[in-house]
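User: I have a chain open here and want to go through it piece by piece. Can you take questions as they come?
Analyst: Go ahead.

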Amino acid sequence: WHSFLSALKQGVVMSFFSFGQSAQIDIVLNDAETRKKAEHKTEDGKKDQYFLFYDGDTVSGKVNVTLKNPGKRLEHQGIKIEFIGKIELYYDKGNNYEFVSLVKDLAQPGELTQSRTFDFEFTNVEKPYEAYTGQNVKLRYFLRVTVSRRLNDISKEMDIVVHTLSMFPELNSSIKMEVGIEDCLHIEFEYNKSKYHLKDVIVGKIYFLLVRIKIRHMEINIIKRETTGTGTNVYHENDTIAKYEIMDGAPVRGESIPIRLFLAGYEITPTMRDINKKYSVRYYLNLVLIDEEERRYFKQQEITLWRRGDVVRKSMSRQAAIASQRFECSSSDEKALAHAQDKEQ
């Protein structure tokens, strides 16, 4: 008898969901065929391609609501689309921080008797921060369509990627530092700049002024430091992005070693400082020396990374377009810049 009742209940539930109306939602951007895509890391570490936007870009397109059971009506409490920018802290799953939240109503409460297409447009949307997926935090932008119903809503999300462009830094001083152990070791090292764009080249030199310990190995590391939380609940995650071997063997006094480290091949983002008061991402050059007794000596220096624009896009905001134009130097300007950098070195 209990088995019969159980089966009967299951049958009722199955018939309710089988014969009730449902729908599939698709979001199609108006410029999907021409808009550039960017590779972005997901939370599980995989990479995928997403449509690329900049601050001030308009986000527009169509929402297709396709009924799964033709001939049956779909009652709803309204259909809406949202554009959301949100910060998710992995250790604080219950709290998500929305810094952008825009809503457009596509349909008033009623019913759909056939599949429908709705147009939407979010004009000149402010997107102040770069999309980011880190070890403890994620900043994402996405569109979300919701068909509201009494029992269970039907919804669909579509992520996009946002890149922030920066102005060419007017002041970009070189970095000069010293590493020393009294009467044992004295090293000077110099980097040509303190601010680099994401496809730049770090150029520098290491000078050995005093060497009385047997150095076996020397390398430069690029370290990314992600900081989340505030006050006593601050989390630091250090990740070694790159290891660049400078020398293998013992240097002698007076020796000079050149450095050329190309950034384009590494997974790096622009420097992010106190994003929405939730997290920061900073980068450091770490000079590491290892002697024959496996003792490590190191000196760390923060550098600033920024993203420059490659092409001026019609859909860019005015600010981003100006920034991008400034990077498009003529060949003569580039030669003059290179000559000036050579003179600085």
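User: Is Arg-35 buried or exposed?
Analyst: Arg-35 has a relative accessible area of 6%, and the cut-off for buried is under 20%, so Arg-35 counts as buried. Keep in mind that this is a predicted model.

User: Where does Arg-35 lie?
Analyst: In the loop between strand 1 (23-29) and strand 2 (37-41).

User: And what does the side chain of Arg-35 reach?
Analyst: The backbone oxygen of Leu-52, at 2.7 Å.

User: Back up a bit. How many helices and strands are in the chain?
Analyst: The protein chain has three helices and 22 strands. It counts 345 residues, and 44% of them are buried.

User: What about the surface of the chain?
Analyst: The accessible surface is about 19700 Å², with carbon and sulfur atoms holding 47% of that.

User: How does the pLDDT look?
Analyst: The average over the protein chain is 81, and 82% of the residues score at least 70. Residues 7-19 are below 50, and that stretch has four contacts in the model beyond near neighbours in sequence. Residues 311-345 are also below 50; there the model has 45 contacts beyond near neighbours in sequence.

User: How many bridges between strand 1 and strand 4?
Analyst: Seven, with strand 4 covering residues 59-67. Within that pair, Ile-25 is opposite Val-65 of strand 4.

User: Next, the sheet with strand 13. What is the strand order?
Analyst: The order is 13-14-16-19, four strands in an open sheet, again with antiparallel pairing. Here the edges are strand 13 (175-181) and strand 19 (256-262), and because each has a single partner strand, one side of each is left without a neighbour in the sheet. The twist averages 20° from strand to strand.

User: And what joins strand 14 to strand 16?
Analyst: Seven bridges join strand 14 (residues 185-191) to strand 16 (residues 201-211), running antiparallel. One of the pairs is Glu-188 with Tyr-207 in strand 16.

User: Last one. Of contacts between residues at least 6 apart in sequence, what share joins residues at least 24 apart?
Analyst: In the protein chain that share is 68%.

Terms used
Residues numbered from 1 in each chain as written. Predicted model: local features only at pLDDT ≥ 70, side-chain atom pairs only at ≥ 80, totals over all residues. Heavy atoms only, no water. Helix = DSSP H or I, 4+ residues; strand = E, 2+ residues; numbered from the N terminus. Buried < 20%, exposed > 50% of the residue type's maximum accessible area, 1.4 Å probe, protein only. Contact = heavy atoms within 4.5 Å. Areas by Shrake-Rupley, 256 points an atom, 1.4 Å probe, with all protein chains shown as cover. Polar contact = N/O pair within 3.5 Å; in protein donor to acceptor, adjacent residues only side chain to side chain. pLDDT = per-residue confidence, 0-100. Pairing = 2+ DSSP bridges. Axes fitted to C-alpha atoms, helices over the stretch in contact; angles between N-to-C directions.
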